[in-house]
There are 2 protein chains.
Amino acid sequence: MKILPDSLERITEQFSRFPGIGKKTAQRMAFQLIEWDPEDVQRLGEVIIQSTEKLRKCSICNLITEADPCPVCLDTRRDESILCVVEDSKDVVAIEETSRFSGKYHILGGVLSPLEGIGPDQLNIRNLLGRLENVTEIVIAMNPSVEGETTSLYLARLLQDKDIKVTRLARGIPSGGDLEYIDGVTLGRALDDRHELT
Amino acid sequence: MKILPDSLERITEQFSRFPGIGKKTAQRMAFQLIEWDPEDVQRLGEVIIQSTEKLRKCSICNLITEADPCPVCLDTRRDESILCVVEDSKDVVAIEETSRFSGKYHILGGVLSPLEGIGPDQLNIRNLLGRLENVTEIVIAMNPSVEGETTSLYLARLLQDKDIKVTRLARGIPSGGDLEYIDGVTLGRALDDRHELT
């Protein structure tokens, strides 16, 4: 016998389309809605619908934004000669939180992944090549995954004859980490890249 | 500097109101929306808004439903003399999937939890007492937590002078479990409640 109403199942189905949200979590979220104030539910639905009208990607750097170009690209106090290349907009937030970077960004929108059919043409690489005038350094800040590594090498090779300094984030032991629990690859890297205490 | 647009932050905020959805997951969900087809986003927003109009709780058993009374309460093939008392609507789904229960349900809407200020008055207990005519057995099917246990005992005491058989789900080793990994309380319970092989 069918116990749950159709509309609840439709909500569950929609929620479970998000990556990382399984069927059980989606169902728990759907059940939660009936406990909320109807006004809050209304607001949730509205902000979601509004997102399709308001949110877009910056035509210069590909950052999620309401205004195109995005505030980062328009900010004249930022150093236009350094570009930081990242996978997605969340990475920009993480880097901004460090307050250590004052250049501009370029968001690839993913990483090379032949298995998933993502090649250079699926990424925002063409636009990157169009932004290189006046750029003296490109910081490649991919995630430390196999795909991130591959993408970094691909970009480095693509840029090697451009007379631009290509750098990448340092690898090593994370702050607050505990040597005995750090994986061998990371620790090996930290040893290889050791530098003098100054 | 503020990197992310306001509308994205509003969505993140709304998503993180769901239990079990932390800020990072909520942000990942919000970022995901911009990758979806606008039509799909629209549909998600709409089913959420519709839920406030369509979903309600059954005035008899408290199950989430579109029609009041719910289909379970209206189903005349079900045995009205057995009531299964559960915490919430999800538990009804789980029990229905076993196909072993053909009585009716009563959803408390939670468990007794003095620490969270949930006493008998916050649960759907008054309605339960109004449904006891013609009932010969009440199956108490709380979750095996401390609060579930407390609620079971409270209900059993409340019903003890009503000339109704009060039963509860059997405790024991779960099917497919591995003795060496089963916790001591469960295994002890299974030993206490051992019965003859027939």
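Student: How many residues of chain A are in contact with chain B, and how many of chain B with chain A?
Tutor: This is a predicted model. In it, 55 residues of chain A touch 55 residues of chain B.

Student: And what area is buried between chain A and chain B?
Tutor: About 5300 Å², with carbon and sulfur atoms giving 75% of that area.

Student: How many salt bridges are there across the interface?
Tutor: The rule finds 4 between chain A and chain B. One of them pairs Arg17(A) with Asp40(B), where the closest N and O atoms are 3.3 Å apart. There are also 6 residue pairs in polar contact across the interface.

Student: Which element of chain A gives the most to the side that touches chain B?
Tutor: Helix 3 of chain A, with 14 residues. By class, that side of chain A has 28 nonpolar, 11 polar and 16 charged residues.

Student: Let's switch to helix 3 of chain A itself. How many residues does it have, and how far does it reach?
Tutor: Helix 3 covers residues 38-54, which is 17 residues. From first C-alpha to last it reaches 24 Å, close to the 24 Å expected at 1.5 Å a residue.

Student: Which of its residues are buried?
Tutor: The buried residues of helix 3 of chain A are Asp40(A), Val41(A), Leu44(A), Gly45(A), Val47(A), Ile48(A), Ile49(A) and Ser51(A).

Student: What covers them?
Tutor: The cover includes helix 2 (23-33) of chain A. From chain B it includes helix 1 (6-15), helix 2 (23-33) and helix 3 (38-54).

Terms used: Residues are numbered from 1 along each chain as its sequence is written. Chains are lettered from A and ligands numbered from 1 in the order in which they are written. This is a predicted model: local features need pLDDT of at least 70, side-chain atom pairs count only at pLDDT 80 or more; totals for chains, interfaces and linings use all residues. Side-chain values use heavy atoms; hydrogens and water are left out. Helices (H or I, at least four residues) and strands (E, at least two) are DSSP runs, numbered from the N terminus. The expected span of a helix is 1.5 Å times one less than its number of residues. Buried means under 20% relative accessible area, exposed over 50%, partly exposed in between (1.4 Å probe, protein chains only). Contact means heavy atoms within 4.5 Å. Buried area is the accessible area (1.4 Å probe) that two parts lose on being put together, summed over both. A salt bridge is a side-chain nitrogen of Lys or Arg within 4 Å of a carboxyl oxygen of Asp or Glu. A polar contact is a pair of N or O atoms within 3.5 Å; within protein, one must be able to donate a hydrogen and the other to accept it, and residues adjacent in sequence count only if both atoms are side-chain atoms. Ala, Val, Leu, Ile, Met, Phe, Trp, Tyr, Cys and Pro count as nonpolar, Asp, Glu, Lys and Arg as charged, and the others, Gly among them, as polar.
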